[in-house]
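Try each task before reading its solution.

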Amino acid sequence: MTMYKQIQLRKGKDESLRRFHPWVFSGAIQHVDDGVDEGDVVRVVTASGDFIAVGHYQEGSIAVRVLTFSDVEIDDAFWQSRLRSAFQMRQAVGLVTDPTLNDTYRLVHGEGDNLPGLIIDVYGQTAVMQAHSIGMHRSRKQIAHALQKVMESHISNIYYKSETTLPFMTADDMSGFLVGGGDDNIGVENGLKFRVDWLRGQKTGFFVDQRENRSLLEHYARGRRVLNMFCYTGGFSVYAMRGGAELVHSVDSSEKAIMLTRQNVELNFPGDTRHEAYCEDAFKFLSTLNATHNYNLVILDPPAFAKHRGALHNALKGYTRLNQKAFEKIERGGILFTFSCSQVVTKDHFRNAVFTAAALAKRKVRILHQLHQPQDHPVNIYHPEGEYLKGLVLYVE
């Protein structure tokens with residue numbers, strides 16, 4: 001067995017690890033062995049020298065991301081075991097059944113699948129792998145080899161895309177195919193087709209985490225006039241159209257996003273005149289709405305307003321302002337789908353911001369649904385920070 005170098009904790013700083021929390025913060029560390037580099041696998045021991053965990057070391061606030069609480073080697077067998085467990089869960093919840101209905105899902109969701117720092121999304125025959133830690137970046141080829149073994153006939157290609165998640169790395173191998181190749185980038189979700197731009201798109205190319213919420217929106221869309229703000233690739237718009245919406249307008253500040261939205265609408269509803277797309281700032285668009293645009297189903301799915309705790313106050317003000325605009329413009333009897341994907345914004349934070357917006361707009365509002373991330377974005381019960389997506393479906397009088 002490989003003899004890993006060690007990280008020793010301060011006295012009393014092992015309590016969270018004994019509760020299986022997968023992070024070791026830098027302030028908890030008493031001693032780091034000489035020669036430990038970023039991305040190395042290390043053993044974590046208590047102040048008295050007792051083993052407690054194995055993980056990836058990295059400089060910064062989160063110094064160790066725990067891979068296992070067993071004193072084992074991080075080898076091919078380890079990666080295969082972890083990936084097999086993740087795949088079996090997706091099979092168990094029915095996401096890997098009929099590829100003509102759904103071939104798009106998240107296979108690995110970081111801490112939620114006991115692989116902190118690693119994201120893998122599957123689109124048809126292509127798995128897109130993304131590292132959020134140097135340790136996972138350094139392990140990418142070993143992980144890809146294990147992934148081939150576990151997925152067998154389910155995938156043919158593995159694309160690596162980490163230039164945006166590890167921006168401090170400048171190596172040429174931050175993106176590209178580790179296995180296979182090709183440009184078949186059509187993913188199927190609940191029978192709808194979407195172009196997935198894993199080369200230049202956000203995240204791994206598509207926001208898989210809104211799948212169940214898009215399905216719920218489809219249920220409410222019949223006969224409604226729909227406004228999809230921050231539309232990105234137009235996921236909510238396409239579902240609304242299949243749900244029988246009277247009209248669907250998509251808005252995003254990115255020309256590229258508008259192009260992808262139009263392509264996805266045309267892919268599923270060629271020649272359908274119910275859809276229009278606008279490249280414009282969301283706040284400006286909502287502020288300048290006039291009586292000719294009477295929407296009674298609105299989606300607000302903005303990018304993360306707060307990526308760290310220092311930005312929380314301004315983020316909450318942003319959510320309040322955005323939702324107030326929507327409350328002021330939505331028709332009586334309208335339905336608002338509103339979301340936050342900011343991890344540091346709790347459910348209570350978000351609800352209070354939306355409630356404040358409703359009060360400022362002087363609208364009567366009732367909660368129909370409280371939304372969250374889907375089953376392929378699981379939350380490790382010992383890592384509540386993994387619950388990042390929250391949403392509300394509101395009936396507005």
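**Exercise 1. Is Asp 376 buried or exposed, and where does it sit?**

Step 1: Asp 376 has a relative accessible area of 0%, so it is buried (under 20% relative accessible area, with over 50% being exposed and partly exposed in between; 1.4 Å probe, protein chains only).
Step 2: Asp 376 lies in the loop between strand S19 (365-372) and strand S20 (390-396). Strands here are DSSP runs of E with at least two residues, and helices are runs of H or I with at least four, numbered from the N terminus.

Before going on, note that this is a predicted model, where local features need pLDDT of at least 70 and side-chain atom pairs count only at pLDDT 80 or more, while totals for chains, interfaces and linings use all residues. Residues are numbered from 1 along each chain as its sequence is written, and side-chain values use heavy atoms, with hydrogens and water left out.

**Exercise 2. Which side chain makes a polar contact with the side chain of Asp 376?**

Step 1: Look for a pair of N or O atoms within 3.5 Å; within protein, one must be able to donate a hydrogen and the other to accept it, and residues adjacent in sequence count only if both atoms are side-chain atoms.
Step 2: The partner is the side chain of Arg 211, at 2.9 Å.
Step 3: Leaving aside neighbours within four places in sequence, the residues touching Asp 376 include Met 89, Tyr 105, His 109 and Val 208.

**Exercise 3. Why is S20 largely enclosed, and which strands pair with S20?**

Step 1: Six of the seven residues of S20 are buried, so the rest of the structure largely encloses this strand.
Step 2: Two strands pair if DSSP finds at least two bridges between them. Strand S18 (residues 334-340) is antiparallel to S20, with seven bridges, and Phe 339 stands opposite Gly 391 in S20.
Step 3: S19 also runs antiparallel to S20, joined by seven bridges; there, Gln 370 has Leu 392 of S20 as its bridge partner.

**Exercise 4. What is the strand order in the open sheet of six strands?**

Step 1: The order is S2-S6-S5-S4-S1-S3, with mixed pairing.
Step 2: Strand S2 (23-25) and strand S3 (29-32) are the edge strands, each pairing on one side only.
Step 3: For a parallel pair, take strand S1 (residues 6-9) and strand S4 (residues 41-45), which share three bridges. Ile 7 has Val 44 in S4 as its bridge partner.

Definitions and conventions: Contact = heavy atoms within 4.5 Å.
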